[in-house]
Amino acid sequence: WSQVVSEAEKIVGYPTSFMSLRCLLSDELSNIALQVRRLVGTKHPLLDTARGFVYDSRNNLQMRGLVVLLISKAAGPSAADLSFQHDMVSGIYSSQRSLAEITELIHTAFMVHRGIVNIGELKSCDGPLKDMQFGNKMAVLSGDFLLANACTSLAQLQNTKVVELISSAIGDLVQGIYYENSKSSEENCLTDDIGISTWKEQVFLSHSALLAKSCQAAMELAKHSAEIQDMAFQYGKHMSMSHKLHSDLQPFVKEGSSDTMAFSLNSAPAVLHQEFLGREEWIKQIRGLQEGIKAGKGVSSAIDLCRYHGNRALAALERFPASEARAALANIVYAVTRFP
């Protein structure tokens, strides 16, 4: 995965880890960074998110912006409008680079907001209560700041359809996260009867909508046809679904992961395992569930589903001309659909 991302970054002209640098080095966020130092010594999730800006060994933080740049380069300029080709660098319009930054800012803002902790569930080892409350305030303020910057940059693109697409993606994210939080607060959330169709709907809202609609918006900025826009949307949707499935599968397919990697009972293998097993038997197997899922059909079915979405993403790419960028987009899919 790291090699695929590194090679893809060379194709689009610069490392995407610098995409949000303009915003992250602003005076406002510098002040926030100084304040966040107060959280050192606590277990507030905002610290982990802040570290991710500097170093993220899994290269997940900048994946969305990178895909937007790659699909922009893969599609190239529209044959219907070649008047703005002088505005291209490495085969990508400046407006598309701005869109990639906007996509990353929105994703980062929601990551920061997800770090807000439930004060009522804190333990003494997590850190002083006043510091954790302070961390929550900083997570709200810094997340809102990033989101405001993204919305300002979005308006500067001066494209009504792009504004509509990205605004709807923000709405999807809010809806997806709201659903996640409302379910996690219920006492019986460990045994919710969630089918794979419901899982797909939730994952689209909270993980896939932003990338899918950003890919479509990148095509709109280059004035590509509705067909090309739809293919870009399909690639973003199915690639991100594969990415999420790959992440869900790691505790079950990675050697020696059973004792060290936590997993969610709402992950794809668990949901599929529940469907194959039946509701009553599922409830009996809550304890020691990870080994049960490994031995059942959930893991193999989730791998098949991951590859299905990967194949759908690759099929969408077929409408784009052969190029380094298209090959890089395909390699991203291969990276998240390959299992031992």
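Lys-213 and Asp-172 are both buried, meaning under 20% relative accessible area, with exposed over 50% and partly exposed in between (1.4 Å probe, protein chains only). The model is predicted: local features need pLDDT of at least 70, side-chain atom pairs count only at pLDDT 80 or more, and totals for chains, interfaces and linings use all residues. Residues are numbered from 1 along each chain as its sequence is written, and side-chain values use heavy atoms, with hydrogens and water left out.

The side chains of Lys-213 and Asp-172 form a salt bridge, 2.8 Å from N to O. That term means a side-chain nitrogen of Lys or Arg within 4 Å of a carboxyl oxygen of Asp or Glu. This pair links distant parts of the chain. Lys-213 sits in helix 9 (residues 196-221), and Asp-172 in helix 8 (residues 160-184), 41 residues apart. Helices here are DSSP runs of H or I, at least four residues, numbered from the N terminus.

By this rule there are three salt bridges. Another joins the side chains of Arg-319 and Glu-227, at 2.8 Å from N to O. It too links distant parts of the chain, 92 residues apart. Arg-319 lies in the loop between helix 14 (298-317) and helix 15 (324-337), Glu-227 in helix 10. Arg-319 is partly exposed because its relative accessibility is 37%. Glu-227 is partly exposed at 43%.

Now follow helix 10. Lys-244 and Asp-248 both lie there, four residues apart, about one turn of the helix. Their side chains meet in a salt bridge of 2.8 Å, N to O. Lys-244 is buried at 16% relative accessible area, and Asp-248 is buried at 9% relative accessibility.

Note on methods: Helices (H or I, at least four residues) and strands (E, at least two) are DSSP runs, numbered from the N terminus.
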